[in-house]
Structure formats: C-alpha cells, structure tokens
Amino acid sequence: MTYDDLVPVIRRLAIEAGAKIMEIYNSDDFDVKVKSDDSPVTAADEAADALISAGLRAAFPDMMLVTEEQAASHKERGDTFLIVDPLDGTKEFIHRRGDFTVNIALVEKGVPTRGVVYAPARQRMFFTLADGSTVEETGSFDPDTIGETRPIRVADSDNSALMVVASKSHRDQATDDYIGKYNVKDSKSAGSSLKFCLVATGEADLYPRVGRTMEWDTAAGHAVLAGAGGKVVRFDDHAPLKYGKEGYANPFFIAYAPAVELKEA
C-alpha cells in the first residue's frame with residue numbers, strides 16, 4: 001500500500017459514509033441505542049462503519065483495521081494499522097447540531113501519518129495528501145474526483161491573544177482551569193474532531209482535552225493537524241501522543257500550533 005493508493009480511497013469512503021449519515025440525519029426519526037460503555041450509537045454509526053470497513057478491507061486486505069463499532073478489532077495489537085471512527089460526535093448527531101465527522105486514519109509506528117476528517121453537515125473536509133501535507137477541499141465532494149483544494153497551515157500564534165477551541169459536549173471545570181493559564185483573546189466550542197481541524201487551519205491556536213478519548217476519536221484529526229504543522233502531546237508531560245496503546249484509550253492531551261508557549265498541567 002502506497003500513500004498514493006491510500007489517500008483517494010479514504011477520501012472516497014469518507015464522502016460515501018457522509019452521504020449515508022446525512023440520509024439518516026435528515027430522516028424524520030432514528031433509533032438511538034446504548035453500548036456497553038453507556039455511549040450512544042445510531043443506525044448512522046453502524047451504516048457508516050459497514051461501508052468504510054468493507055471498502056478498506058477490499059482495498060487493503062493485509063492491513064490491520066481497528067474501528068470503534070467492532071469490538072473484536074479492539075483486541076488487535078500492532079503499531080501500524082488503519083483506524084476508523086465512522087461517526088465521531090454521535091451526541092451532536094442525535095441533537096442535530098451538525099458538528100459530527102467521519103474519521104479514517106493510517107497509523108505507522110505509533111504515529112498518525114495520513115487521515116481524512118469529513119463533516120458532512122458542515123460541508124467541510126480536510127485530508128492529508130500523499131506527501132503528508134494537509135488540504136481543505138471545497139466544492140461538490142464528488143467521491144471519485146478531488147475538487148478544489150487549498151493548503152492549510154497552523155497559525156503563527158500570538159501568545160498575548162490566543163484563540164482556544166474546546167469541546168461542545170465535554171467542557172468542564174478542569175478544562176476551564178487550564179485554559180485560564182493562557183492569555184486568551186476568545187474561545188469557541190466545536191464538536192468531534194473538528195477541533196483539531198480548526199487548529200490546523202489557524203482558526204484556533206490551542207485545543208486542550210482534559211477528558212476521556214479513544215484513539216479512533218483522535219487519529220484522523222491528529223494526522224490532519226500534523227500535516228498542517230501542528231502538534232499533539234500528552235497533557236501531563238508534553239510527550240508526543242502515541243497510538244497502538246493497549247485498549248486504545250488516550251491520556252489527556254493538548255493539540256496546538258507550535259508557536260503557542262505551552263503551560264504545565
């Protein structure tokens with residue numbers, strides 16, 4: 001598998017999954033079930049997962065695949081694999097708030113190197129090219145033809161006036177306390193992996209996450225941000241956030257533009 005092979009496939013599958021999700025999102029009603037960890041799941045999660053998984057397995061049968069909706073895949077271990085969150089931001093989807101995303105990434109030696117984040121309700125899509133740089137695509141999102149793209153890059157941040165983005169569904173006092181250590185010009189809330197993308201485009205400088213996430217929640221956004229010059233580090237010691245951990249659970253982390261002068265936890 002080459003990056004030139006991978007990128008068109010994950011882009012196409014994200015768009016096709018997004019179309020399936022929007023069909024259900026725009027319907028009169030949809031069922032919401034609760035998984036064993038008390039998190040919600042909808043028909044849209046399941047339909048998107050089935051589509052993406054089948055597409056990845058057909059295209060790359062020898063590559064390990066980890067996906068949120070298939071518990072058996074969480075027992076797989078390796079440092080190089082494809083990882084999928086077919087619908088990140090299920091709560092946003094359920095409440096019809098629009099900030100949900102399709103996420104597909106390649107992790108190599110514990111590092112997310114290529115990825116796509118597609119927000120179908122927001123009509124925004126970000127992905128890494130074969131060379132590792134990140135673009136935002138605008139246009140009709142034809143699954144088979146890449147439309148107009150623009151390179152994106154993190155901000156050259158002004159530490160006296162930072163823009164912070166934080167979770168819409170998981171904002172808490174610990175997050176606010178940490179944000180309070182910075183000189184903040186303004187803050188915005190966003191759901192799902194869009195927060196990584198807002199840092200990648202320079203629309204925000206800093207995204208601290210003091211709360212539970214899994215690797216499938218973050219890998220694609222991490223790849224998109226890295227390709228735009230950004231970084232993601234552990235909250236506690238500022239070491240790079242690694243992937244392929246047992247159980248695929250993340251520690252708290254900070255995503256940021258490198259010009260930001262990070263504060264201690």
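This is a predicted model: local features need pLDDT of at least 70, side-chain atom pairs count only at pLDDT 80 or more; totals for chains, interfaces and linings use all residues.
Helices, which need at least four residues, and strands, which need at least two, are DSSP runs that are numbered from the N terminus.

Let me begin with what the record says. In an unreviewed entry, UniProt places the feature "binding site" at Glu68, Leu87, Asp88, Gly89, Thr90 and Asp217. These residues span 150 residues in sequence, yet no two of their C-alpha atoms are more than 12.4 Å apart, so they gather at one spot. The UniProt annotation "binding site", again from an unreviewed entry, also covers Asp85, Asp88 and Asp217. Here the span is 133 residues in sequence, but no two of the C-alpha atoms are more than 6.4 Å apart, so this set gathers at one spot as well.

Now let us walk along strand S4, which runs over residues 81-88, and take its annotated residues in turn. Asp85 lies in strand S4, and because its relative accessible area is 1%, which is under 20%, Asp85 is buried. If we leave aside its neighbours within four places in sequence, Asp85 is in contact with Glu68, Thr101, Val102, Asn103, Trp216 and Asp217.

Leu87 also belongs to strand S4, and at 1% relative accessibility it counts as buried. Which residues does Leu87 touch, not counting those up to four places away in sequence? Leu87 touches Ile21, Thr42, Ala44, Asp45, Phe93, Phe100 and Thr101.

Asp88 is likewise found in strand S4, and with a relative accessibility of 11% it counts as buried. Not counting residues up to four places away in sequence, Asp88 touches Asp99, Phe100, Thr101, Asn103, Ser192, Ser193 and Asp217.

Is Gly89 buried or exposed? At 16% relative accessibility, Gly89 counts as buried, because the value is under 20%.

How values were computed:
Residues are numbered from 1 along each chain as its sequence is written. Side-chain values use heavy atoms; hydrogens and water are left out. UniProt positions are given in the numbering used here, feature names are shortened, and annotations may be inferred rather than shown by experiment. Buried means under 20% relative accessible area, exposed over 50%, partly exposed in between (1.4 Å probe, protein chains only). Contact means heavy atoms within 4.5 Å.
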